[in-house]
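Open the structure in your viewer and keep the selection tool ready. We will go from the overall fold down to one residue.

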Amino acid sequence: MATALDAIQDTIRTVLDQAGPSVVGIGHRRAHGSGIVVGAGQVLTNAHNLARSGVEVVFADGRREHATVQGIDVDGDLAVLAADTGDAPAVAWANGEAPAVGQPVVALANPGGRGPRATLGYVSGVDRSFRGPRGRRITGSYEHTAPLLPGSSGGPLLSAAGELLGVNTHRLGEGFYLAIPADADLQRRVAALAEGQVESRPRLGVGLAPAEVGRRLRRAVGLEEADGLLVRSVEDGSPAAAAGIREGDLIVAAGGEATTTVDELHAVLEGADGELPVELLRGAERLEITVTL
């Protein structure tokens, strides 16, 4: 008589047999991760798994191929690679409703090409968020409990039927993980990246410290306290540098909106069109400048 453990084992084996050949390892000299075959010659992975030195894709059968970046969205932490996928099938996308809390899920990975891994868990939360490689907030993610080894990011989160629910991307504390939903929007973005598009969002090109740091620093040098984002660095050749923003400036408003958090600034940038008015405090002086994005 089959037991619950037998049923779990059968589910994991079935999912691994069905989707395992679609899961690849992503490797180069400085980092490693996993990826998903999403079409003939196309592999989806996280942008943070890539490096300028080139990428090697390792398939479930051990075959190794050099890959090139077709399209990348750094802020969304996604990239599509071009590689000879051979007989590796494209993963099946889930077409039903979004998973609910408590739904069983299977996570697959091939960390750095060291061989397939499969773990079981359940959806523990929905509509979670985390910060991408450059600090922008990625929203709408699924939280789950399927354990993942380092190097598993970019691998698939699957239903018990072996259909793609999400792309594992971020570890959240101890024992919880976040996956970008494999919904219609992700399919659209993957198709665009596969066509060579580089998805970018307006950015100033500055490194920022939170409001409390700016308040503390101004208080320490005898200046009036103010809420805003302290500019800690300015990228050469960036829109901020061209507009005259300097290290030590305090960005107090952008587009007419107060900027006391990085998320507030990003929200303003998302809605900006070409030019953005920015209000600064430089010491005791208040400045208004226009940044061309």
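Start with the strands. Six of them, 6 strands in the order β1-β2-β3-β6-β5-β4, form a closed barrel with antiparallel pairing. On average, neighbouring strands of this sheet are turned by 40° against each other, direction ignored. Keep in mind that this is a predicted model.

Next, select residues 23-27 and residues 32-39. These are strands β1 and β2. They run antiparallel, and 5 bridges join them. Now click on V24. Which residue is its bridge partner in β2? The partner is G35.

Now select D77. Look for this residue in the loop between β5 (64-73) and β6 (78-82). Is D77 buried or exposed? D77 has a relative accessible area of 3%, and buried means under 20%, so D77 is buried.

What surrounds D77? Leave aside its neighbours within four places in sequence. D77 is then in contact with T45, N46, A47, H48, P133, I138, T169 and I180. Zoom in on A47, one of these residues. The side chain of D77 reaches the backbone nitrogen of A47 at 3.0 Å.

For a last stop, go back to V24 and pick its C-alpha atom along with that of D77. The two residues are 53 residues apart along the chain. Their C-alpha atoms are separated by 17 Å.

Technical notes. Residues numbered from 1 in each chain as written. Predicted model: local features only at pLDDT ≥ 70, side-chain atom pairs only at ≥ 80, totals over all residues. Heavy atoms only, no water. Helix = DSSP H or I, 4+ residues; strand = E, 2+ residues; numbered from the N terminus. Buried < 20%, exposed > 50% of the residue type's maximum accessible area, 1.4 Å probe, protein only. Contact = heavy atoms within 4.5 Å. Polar contact = N/O pair within 3.5 Å; in protein donor to acceptor, adjacent residues only side chain to side chain. Pairing = 2+ DSSP bridges. Axes fitted to C-alpha atoms, helices over the stretch in contact; angles between N-to-C directions.
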